[in-house]
Amino acid sequence: MILEMLQSPFMQRALLAALLVGITAPAVGIYLVQRRQALMGDGIGHVAMTGVGLGFLMSTNPIWMATLVSVLGAVLMELIRIYGRTRGDIALAMLFYGGMAGGVLLIELSDTGSTANLTSYLFGSLSTVSDSDVVAILLLAAFVVLVSLGLRRQLFAVSQDEEFARVTGLPVRALNLLVAVTAAVTVSVAMRVVGLLLVSALMVVPVAAAQQISRSFKATYALAVAIGVVVALAGTTVSYFHEVPPGATIVMLAIAVFVVMTALAAPLARRRAKALETVGANEEACTAPMPGSRRPGDDVKV
């Protein structure tokens, strides 16, 4: 049965798309989690709906149009975060809801689209992934991986402490905008697999799961990407054999991994604490004076 699935052309495209999404979503999500912007992907997903509607209205590939609109929306969101401190939440709410409403309206105005088409982008539809979709996803995923790996030190510094990064001379504003753009591209990559409404979960949950047991940024990054790949491929396979929605299946598997990692975190923490206590005790025993030995200053009387 597995061999039959792998020989199916549409499943080959679906598995490749799932693999790329499993890599890219956590690779960007780790920076959003560090910046405490875990829901940014969800907001960009709302804005991307307008891009999907424009794609159908203009008879172009919805992925490319959604990428363009998502990037513009992400840049606007970042500018609102920087400059709109007093009324920023209202502006963001209008942007999110306007994106959803615009997508529904535009797709109904188009000759080739309908709300049924929009549903496949909202919740994912691997069976409808075309060759052109795979090419678009591959190119966008390559950009995301290059940015997230090539600038990982700078992006981590900005995500961890903007003031310290600014003092060290990093272009904080430009890097913040780059994170927003990369997140927008990731949403466009993932929308055909997990859907616009669930993409934020795949960007955040694998990272949260990895943080339960990892102790460094590098380990968290690698483990989060590994979890993303496993749940994306597993969810796609399960959806093929049991005819369940792939996006929802992938997200539920990611949450299950998070629960398992959380359960393992406490025993691992206790084991590490005991190991540290043992090392400390051994070091104290090595530095303690032997019985009958004399230390410098023992003969000094005050």
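Visitor: Where is the place of Arg-36?
Guide: This is a predicted model, in which local features need pLDDT of at least 70 and side-chain atom pairs count only at pLDDT 80 or more, whereas totals for chains, interfaces and linings use all residues. Residues are numbered from 1 along each chain as its sequence is written, and side-chain values use heavy atoms, with hydrogens and water left out. With helices (H or I, at least four residues) and strands (E, at least two) taken as DSSP runs numbered from the N terminus, Arg-36 has its place in the loop between H2 and helix H3 (40–57).

Visitor: Does Arg-36 count as buried or exposed?
Guide: Arg-36 is not a glycine, although its phi is positive, at about 60 degrees. Its relative accessibility is 77%, and the scale calls a residue buried under 20% relative accessible area, exposed over 50% and partly exposed in between (1.4 Å probe, protein chains only). On that scale Arg-36 counts as exposed.

Visitor: What value is phi of Glu-243 near?
Guide: Glu-243 is found in the loop between H12 and helix H13 (246–287), and it is exposed, with a relative accessible area of 73%. Although the residue is other than glycine, its phi is positive, near 55 degrees.

Visitor: Which residues is Thr-186 in contact with, leaving aside its neighbours within four places in sequence?
Guide: Thr-186 lies in helix H10, where it counts as buried at 0% relative accessibility. Contact means heavy atoms within 4.5 Å, and once the neighbours within four places in sequence are left aside, the partners of Thr-186 are Thr-24, Ala-25, Val-28, Val-144, Val-199 and Met-203.

Visitor: How many Å separate the C-alpha atoms of Ser-110 and Gly-53?
Guide: Ser-110 belongs to the loop between helix H5 (88–109) and H6 and counts as buried, at 7% relative accessibility. Not counting residues up to four places away in sequence, Ser-110 touches Phe-56 and Leu-57. Gly-53 is 57 residues from Ser-110 along the chain, and the separation of their C-alpha atoms is 7.9 Å.

Visitor: How many Å separate the C-alpha atoms of Lys-218 and Arg-152?
Guide: Lys-218 is a residue of helix H12, and it counts as exposed at 70% relative accessibility. Lys-218 and Arg-152 are 66 residues apart along the chain, with their C-alpha atoms separated by 9.5 Å.

Visitor: At roughly what angle do the axes of H4 and H10 cross?
Guide: In the contact of H4 with H10, the residues of H4 include Ile-63, Ala-66, Ser-70 and Ala-74, while those of H10 include Leu-177, Ala-180 and Ala-184. The residues of this contact divide into 12 nonpolar, four polar and three charged, where Ala, Val, Leu, Ile, Met, Phe, Trp, Tyr, Cys and Pro are nonpolar, Asp, Glu, Lys and Arg charged, and the others, Gly among them, polar. Axes are lines fitted to C-alpha atoms, for helices over the stretch in contact, with angles from 0 to 180 degrees between N-to-C directions. The axes of helix H4 (residues 62–83) and H10 come within 8 Å and cross at roughly 145 degrees.

Visitor: At roughly what angle do the axes of H4 and H7 cross?
Guide: The axes of H4 and H7 come within 9 Å of each other. The contact is made by Ile-63, Trp-64 and Thr-67 of H4 with Asp-133, Ala-136, Ile-137, Leu-139 and Leu-140 of H7, residues that divide into six nonpolar, one polar and one charged. The crossing of these axes is at roughly 35 degrees.

Visitor: Which residues line the largest cavity?
Guide: On a 1 Å grid over the protein atoms alone, a cavity is a set of points where a 1.4 Å probe fits but cannot get out, a pocket is an open set with protein on both sides within 12 Å along at least five of seven lines, and lining residues have an atom within 4 Å of a point. Grid points are joined across faces, edges and corners, and a volume is the space filled by probe spheres set on the points. The structure holds one cavity of 30 Å³ or more, and the lining of the largest cavity divides into five nonpolar, two polar and no charged residues. The lining consists of Val-28, Tyr-31, Val-147, Ser-148, Leu-155, Val-179 and Thr-182.

Visitor: What volume has the second largest pocket?
Guide: The second largest pocket is lined by 17 residues, among which Leu-126, Ser-127, Ser-239, Val-244 and Pro-246 lie nearest its centre. H2, helix H6 (115–123) and helix H12 (217–242) each supply at least two residues of this lining, and its classes are nine nonpolar, seven polar and one charged. The volume of the second largest pocket is about 220 Å³.
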